[in-house]
Amino acid sequence: VYAANAKGELFRLDPVTGKQVWRVDSGFAISAGVGVGEGLVLVGGGKGQLAAFAVDGKLLWKTKVSSEVLNVAKIADGIVVVRTADGRLSGLDTTDGKRLWLYENAVPPLIVRSHAGVAIERGTVFAGFAAGKLAAISLGSGIVIWETVVSQPRGNTELERISDITSSPVLNDEQVCAVAFQGRVACYGLAQGDLLWSRDLPSDKGITLSHNYLYITNTSGAVLAVDKSSGSKE
């Protein structure tokens, strides 16, 4: 079990007893973590720091990304994917932290501070962004495979027009689903981004997909289950 605190300390704990195996100081205030995979233990900082440690606590590399790291970095196929507060995604080499690609997304004047992460499946990174955008990006190259808008901004003021995707998208072998703050929930075909269904149902907390149902927490505090194939309420 790996854990971190805001002071910059990273811990490894025995999963059976909870006893501390090791503790290291990352050298910066930790704002996101812990990401684990492919022999790496990752933590991010408020000034764009990203540090990779081995499972024995040895520092492997440190790098800087474009801005504050707010979500847990994901690791797949030798690439670290990290999302930053400025709406960018970076693909980094797991061996040395060097940047392989960068995805940039235009950020509207007013956004929700979000800890939303990414989902990775079949060599594709799925991520939601401000202004309701959902993107599928090649893990290996950073090239955009498809982009769509889950919810169009509506209203007369910048506050009313916030429609950010503030939680991680969820997916299975056939579809990827996302929900927008002050907007709607929608599911798309995994390969080409074709809209399968959508319905007005805002959420700022998140969704999860399990078996035949998509579970959503709405802004009124209710938990809803909808059919994953049609969006009909159960």
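A residue counts as buried when its relative accessible area is under 20%. Keep that cut-off in mind as we walk through this predicted model.

Let's start with the cysteines. A disulfide is a covalent bond between the sulfur atoms of two cysteines. How many disulfides does a search of the whole structure find? The search finds one, and this disulfide joins Cys177 to Cys187, with 2.0 Å from S to S. Cys177 belongs to strand S17 (residues 175-179) and Cys187 to strand S18 (residues 184-189), so the bond ties together parts that are ten residues apart in sequence. The link is right-handed, with 105° about the S-S bond. Are these two cysteines buried or exposed? Both Cys177 and Cys187 are buried.

Now for the aromatic rings. A pair of aromatic rings is described by the distance of the centres and the angle of the planes. The count here comes to five aromatic pairs. In one of them, the ring centres of Tyr103 and Phe129 are 5.2 Å apart and the planes meet at 35°, so this pair is tilted. Tyr103 sits in strand S11 (residues 99-103), while Phe129 is in the loop between strand S13 (124-128) and strand S14 (133-138), 26 residues apart. Tyr103 has a relative accessible area of 4% and Phe129 has 1%, so both fall under the 20% cut-off and are buried.

Phe126 and Trp146 form another tilted pair, 6.1 Å centre to centre with 50° between the planes. Phe126 lies in strand S13 and Trp146 in strand S15 (residues 144-149), so the pair connects parts 20 residues apart in sequence. Phe126 and Trp146 are both buried. Together with Tyr188, Phe126 and Trp146 make up one aromatic cluster.

Conventions
Residues are numbered from 1 along each chain as its sequence is written. This is a predicted model: local features need pLDDT of at least 70, side-chain atom pairs count only at pLDDT 80 or more; totals for chains, interfaces and linings use all residues. Side-chain values use heavy atoms; hydrogens and water are left out. A disulfide is a pair of cysteine sulfur atoms within 2.5 Å. Helices (H or I, at least four residues) and strands (E, at least two) are DSSP runs, numbered from the N terminus. Buried means under 20% relative accessible area, exposed over 50%, partly exposed in between (1.4 Å probe, protein chains only). Rings of Phe, Tyr and Trp (its six-membered ring) pair if their centres lie within 6.5 Å; planes under 30 degrees apart count as stacked, over 60 as edge-to-face and the rest as tilted.
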